[in-house]
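Subject: Handover of a structure and findings

Dear colleague,

Please find the structure placed below for your records. I would ask you to keep it open while you read the notes that come after it.

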Amino acid sequence: MRKACLYLAAPFVFASAAHAQSSVTLYGMMDVGLSYVSNAGAGHSFNAEDSIWTPSLWGIRGSEDLGGGYKAVFHLASQFSVNNGSLVAGSGNLFSRQALVGIEKNGIGQVAFGRQYNLMADFLFFPPAKLDGTFMYGGLYNMRQGPFSALGIPQNPTGSFDFDQTAGTSQVSNSVKLTSESFGGLRFGVLYGFGNTAGSFSSNNTVGFGVNYAIGSFGIGAAYNETRYASMSDGRDGIRNFGVGVGQAFDSLYLNVLYTNTRNTLTGGMVQVGQVGGLYSFNSFWRLGLNYQYMKGNAKLEHNQAQQITSALQYSLSKRTTLYVEGVYQWTGGDVAGQHNAWVNGEAQSSSTRQLIGRVGMQTFF
């Protein structure tokens, strides 16, 4: 009887031990607000909109200690609209933001498989890099967009939505990604997304590289990504991105500079972007961000160009909840009159060469 009790108890003992060495975290964040948009199509609009400063999403991440410094890890994340509760992005897929599983080794890094962010986002946008003002204060409105729909990016809502793919809106399915830990401030990553095309290893695939270096309050990063699409030369052509940026903190002031280059390898259409910005913390409650960016297309895009200023004043009610006021102004030019109307990301294209947005909002996370 004593042995039988031990046998029956064993699975529960092992389960308890495994649970003690594992962790699962449910997290999320929500952003809501009111936006005024001038020249939105036929006229101005005043809208209740969510997922502007930050996306509204929820996720589950976890790890299991495998011993010897190894861990099994997973991450699932889904974006939704607070205003109507619907899923956002990925044609209704539940975990369109992230769905990955992998192995992590202390002191070495992680290899993961599944649907993951590309390395333009990992090494230029997300911490520790934070080289794009979009992450800290600009949000959706600061992501690259303008009169560049002729870029013709497949599976893109406007043909040029977040065209340099730095802001975490472009995930790679069927991917394998290796990211190292920091070695004396140096971190690197490589990614390969399988095209799953019979008879060709390179058709419809994605290739990416990234590196950044951080020491003290200074950071620098660079990244490359090329995604090929079935609709472009049967998967032999696509969109190629690369970028480099630097950031420096001076006590309460953080400054960043970022350059990105986006090319359609089939048509030769190209857009270059330069941006400079800063975030100043008055105290632990108040912060002010300001960003300027210049976007310029080549002859294939009729030399269309756009300039944009984005600014946001933030007030922290707590460690989890922030109120903010944001303002955006874009003005444009180009070779062909009437073909380069302003177009701030996340809103309808302007009916003129100028577009102004004002917004008040609230963001909270758990």
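**Basis of the values**

This is a predicted model, in which local features need a pLDDT of at least 70, side-chain atom pairs count only at pLDDT 80 or more, and totals for chains, interfaces and linings use all residues. Residues are numbered from 1 along each chain as its sequence is written, and side-chain values use heavy atoms, with hydrogens and water left out.

**The chain as a whole**

The average pLDDT (the predictor's confidence in each residue, from 0 to 100) of the protein chain is 91, and 92% of the residues score at least 70. Residues 1–20 have a pLDDT below 50, and beyond near neighbours in sequence this stretch has zero contacts in the model. Here a contact means heavy atoms within 4.5 Å.

The protein chain contains three helices and 17 strands. Helices (H or I, at least four residues) and strands (E, at least two) are DSSP runs, numbered from the N terminus.

Along the principal axes, the C-alpha atoms of the protein chain fill a box of roughly 90 × 55 × 45 Å. The radius of gyration is 22 Å, which agrees with the value near 21 Å that a compact globule of 366 residues would have. This radius is taken over C-alpha atoms, and the globule rule is 2.2 Å times the number of residues to the power 0.38.

Of the 366 residues, 46% count as buried. Buried means under 20% relative accessible area, exposed means over 50%, and partly exposed lies in between (1.4 Å probe, protein chains only). The protein chain exposes about 17000 Å², of which carbon and sulfur atoms supply 63%. Such areas come from the Shrake-Rupley method with a 1.4 Å probe, and for residues only the protein chains shown count as cover. Among contacts with a separation of 6 or more, 55% are between residues 24 or more positions apart.

Ser-78 belongs to strand β4, which covers residues 70–79. Ser-78 counts as buried because its relative accessibility is 0%. Its side chain reaches the backbone oxygen of Leu-94 at 2.5 Å. A polar contact is a pair of N or O atoms within 3.5 Å; within protein, one must be able to donate a hydrogen and the other to accept it, and residues adjacent in sequence count only if both atoms are side-chain atoms. Apart from neighbours within four places in sequence, the residues in contact with Ser-78 include Trp-58, Leu-94 and Arg-97.

Ser-38 sits in strand β1 (residues 22–40) and, at 11% relative accessibility, also counts as buried. A polar atom of the side chain of Ser-38 lies 2.8 Å from the backbone nitrogen of Leu-356. Leaving aside neighbours within four places in sequence, Ser-38 is in contact with His-44, Gln-355 and Leu-356.

Tyr-36 lies in strand β1 and is partly exposed at 33% relative accessibility. Not counting residues up to four places away in sequence, Tyr-36 touches several residues, among them His-44, Phe-46 and Leu-356.

Is Lys-300 buried or exposed? At 57% relative accessibility, Lys-300 counts as exposed. Its place is in the loop between β14 (286–297) and β15 (305–316). Lys-300 touches Thr-267, Gly-268 and Gly-269, not counting residues up to four places away in sequence.

**Aromatic pairs**

A pair of aromatic rings is described by the distance of the centres and the angle of the planes. Rings of Phe, Tyr and Trp (its six-membered ring) pair if their centres lie within 6.5 Å; planes under 30 degrees apart count as stacked, over 60 as edge-to-face and the rest as tilted. By this rule the count comes to 13 aromatic pairs.

The rings of Phe-242 and Tyr-259 have centres 6.3 Å apart and planes at 55°, so this pair is tilted. Phe-242 lies in strand β11 (residues 238–250) and Tyr-259 in strand β12 (residues 253–264), so the pair ties together parts 17 residues apart in sequence.

For Trp-286 and Tyr-315, the ring centres are 4.6 Å apart and the planes stand at 50°, so this pair is tilted. Trp-286 lies in strand β14 and Tyr-315 in strand β15, so the pair ties together parts 29 residues apart in sequence.

Ring pairs also link Tyr-117, Phe-125, Phe-126 and Phe-135 into a cluster.

Yours sincerely
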